Amino acid sequence: MSDYLDLLGLPFMQRAILAAVFTGLAAPAIGTYLVQRRMALMGDGIGHVAVTGVAIGLLTGASPTWTAVLVAIAGAIAIEVIRERGHANGDVALALLFYGGLAGGVLITGLANESGGRLNTYLFGSITTISVDDVLAVMVLAAVVVAICVGLAPQLFAVAQDQEFARVAGLNVRFYNLLVAVLAAVSVTVAMRTVGLLLVSALMVVPVATSQQLTRSFRTTLTAAMLLGTLASVGGLLLSAYLSAHARVAPGPTIVLLALAGFALAWPAGVLLRRRRRLRQPFPVVASAAHQTIDVHPHEHGDDCGHVAVPHGDHVDYVHDGHRHAAHGRHYDEH
Amino acid sequence: MTDPTPEPVVELRNGAVAIAGRPILRHIDLTVRSGEFVALMGANGSGKSTLVRALTGLWPLANGSLQLFGTPFGSFHDWRRVGFVPQRGGAASGVPASVWEVVASGRLTHRRLLRPLARADRAAIAEALDVVGLAHRSRESVSALSGGQQQRVLIARALAGDPELFFLDEPTAGVDLPNQQVLADTLATLSSRGATIVLVAHELGPMAPLIDRAVVMRDGRVAYDGPPLASEQVATAHLHEHELHEHGHHHHHAEPERHDHAPHIASPIEGDHR
Ligand SMILES: Nc1ncnc2c1ncn2[C@@H]1O[C@H](COP(=O)(O)OP(=O)(O)OP(=O)(O)O)[C@@H](O)[C@H]1O
Ligand SMILES: [Mg+2]
């Protein structure tokens with residue numbers, strides 16, 4: 001155990017934790033808007049395009065992080081333009097870039113005479129080899145993404161919710177669409193070092209999917225997704241560091257699996273929660289049908305009789321077996 | 001009514017809209033004056049929604065000119081004066097959104113970037129929710145509401161912006177009669193406060209007494225523009241048009257009359273083929 005604490009004190013580990021916190025916040029923040037637009041796979045498409053960006057960096061000797069940012073932004077804008085112009089629908093545009101980006105990346109890496117190993121660190125992440133410069137870049141870019149996603153939340157929400165309404169409200173819809181595309185591209189390259197390009201989308205989408213099992217409003221979904229994303233990325237990093245004493249455990253996949261485990265827990269919880277809420281929602285008061293009584297009722301309803309009690313106007317209905325029973329003098333009424 | 005002819009709020013001259021190169025609306029001249037309550041009627045596919053979308057700038061004009069509040073459309077930016085209820089099936093999206101949040105997006109025209117909601121914004125949102133009778137469900141997710149309730153959320157969103165000019169595209173489709181009555185009462189109040197309303201509807205229902213003027217679309221052109229019509233007269237409204245022009249202002253007949261004077265024989269293209 002003390003070995004583990006020593007490990008956490010090492011500079012490379014502290015850099016990794018910082019990177020994990022920032023990606024864990026930024027990726028789900030922009031991911032919420034992608035899911036809202038029903039473009040959950042956009043992060044994946046951009047991730048594949050960014051492979052080409054990384055390869056260009058390796059070929060030219062420029063920093064792969066920055067070439068990836070530029071190429072990813074170009075790819076994201078291309079997806080948005082293809083979608084808006086309607087030549088192909090969103091998922092076809094994504095597919096085109098998926099394959100083009102990946103093929104281009106592998107081809108160019110070959111040209112650069114780089115071994116697959118170097119590209120692998122970008123494909124699957126290598127958060128523990130992250131340099132000081134890289135950590136700074138991750139922190140700055142992630143902070144920008146989070147600031148915009150939270151600060152412009154009302155506008156971004158309205159545009160994704162109903163484009164036509166947003167335009168009639170005077171919002172520059174095209175600008176906001178491109179902004180979301182660019183932010184998604186930036187988050188992809190931010191998360192590239194943490195979970196890798198192939199798993200980026202998981203960190204953008206899974207925390208959102210998890211939080212929306214339990215939430216009813218956009219704001220709480222966004223906040224909860226950012227919280228869950230941070231928990232998953234820091235937790236996954238620490239877990240993999242802990243396990244690495246026993247086996248080779250890569251942080252990237254651990255983070256993603258931990259996020260998925262969160263979803264697996266939230267799902268049944270959400271089903272139960274929604275069921276409970278729906279069950280206990282007060283019945284509407286309706287100037288109602290005839291007075292219908294029940295002949296004999298073997299059971300006495302009360303505060304703790306075990307049946308769901310739902311408010312109904314000035315009294316309470318007890319729900320069981322598809323009936324709503326309300327006490328009326330000495331007998332029960334069917335409501 | 002101190003001003004005998006209020007100034008035009010919407011002014012479309014010789015408007016045309018083409019979708020993918022195919023002319024949909026042609027030769028539309030429409031002037032709506034401040035305080036008017038106009039019903040836009042016509043068969044499915046006759047171009048009502050397209051006209052509303054052209055008037056709100058959602059479709060570009062292929063031809064003609066549009067002015068809103070006396071300002072040419074290109075330089076019009078005062079969007080808080082305009083409210084819009086799109087023709088839509090629902091208000092849900094990929095992520096849960098509460099009823100309150102959707103209605104709150106109607107206040108965007110009043111908010112500056114990066115500013116939190118002011119007290120006036122919150123009051124307007126609460127009032128709009130109250131009007132459509134959904135105040136008690138404001139914290140629920142919109143996707144948990146029925147279709148008609150979602151439609152009422154969209155109406156509340158437009159109301160929250162407190163606009164002077166409303167475009168409502170079939171706002172009462174799927175809304176029950178008591179709630180149509182509630183909406184009609186709300187529109188009556190807005191109208192009496194001087195708001196201008198352009199309402200697309202097939203069945204006017206409780207709105208009928210509020211209408212000042214009916215415009216009937218037919219195959220992308222205005223077929224009738226005059227005093228209100230009952231829904232069953234809409235299909236034959238183009239026959240009344242000539243009559244109106246010949247006899248000046250003239251109240252509509254309870255029943256479309258058979259008449260065979262020249263004008264309607266002279267325009268066989270507009271004849272009845274549906
Ligand atoms: N996005 C679109 N692409 C192609 N054609 C369109 C589009 N929107 C409308 N049209 C065409 O424009 C014409 C007018 O449609 P519009 O939606 O304005 O009808 P409407 O009068 O509102 O009908 P409804 O009563 O069904 O709402 C139709 O012939 C329709 O096919
Ligand atoms: Mg329509």
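The model is predicted: local features need pLDDT of at least 70, side-chain atom pairs count only at pLDDT 80 or more, and totals for chains, interfaces and linings use all residues. Residues are numbered from 1 along each chain as its sequence is written, chains are lettered from A and ligands numbered from 1 in the order in which they are written, and side-chain values use heavy atoms, with hydrogens and water left out.

**First stop: the boundary between the chains**

Select chain A and chain B together. Here 29 residues of chain A are in contact with 31 residues of chain B, contact meaning heavy atoms within 4.5 Å. The two chains bury about 2700 Å² between them, with 58% of it on carbon and sulfur atoms; buried area is the accessible area (1.4 Å probe) that two parts lose on being put together, summed over both. Next, select Phe165(A), Val168(A) and Arg216(A), which supply 27% of the area that chain A buries against chain B, more than any other three residues.

**Second stop: polar links and helices**

Display Arg157(B) and Asp162(A). They form a salt bridge whose closest N and O atoms are 2.9 Å apart; the term denotes a side-chain nitrogen of Lys or Arg within 4 Å of a carboxyl oxygen of Asp or Glu. Between chain A and chain B the count is 2 salt bridges.

Colour helices α2 (11–36), α8 (153–161), α9 (163–168) and α12 (218–243) of chain A. Each supplies at least two residues of the side of chain A that touches chain B, and α8(A) gives the largest share, 5 residues. Helices are DSSP runs (H or I, at least four residues), numbered from the N terminus.

Centre the view on ligand 1. Around it are 14 residues, the closest being Asn44(B), Gly45(B), Lys48(B), Ser49(B) and Thr50(B); a residue belongs here if one of its heavy atoms lies within 4 Å of the ligand. Helix α1 (residues 48–55) of chain B provides the largest share of this shell, 3 residues.

Now inspect individual atoms. A backbone N or O atom of Gly47(B) lies 3.0 Å from an oxygen atom of ligand 1. In the side chain of Gln87(B), an N or O atom is 2.9 Å from an oxygen atom of the ligand. His202(B) places a polar side-chain atom 3.0 Å from a ligand oxygen atom. Of the 640 Å² of accessible area that ligand 1 has on its own, the protein covers 59% (Shrake-Rupley method, 1.4 Å probe).

Definitions and conventions: A polar contact is a pair of N or O atoms within 3.5 Å; within protein, one must be able to donate a hydrogen and the other to accept it, and residues adjacent in sequence count only if both atoms are side-chain atoms.
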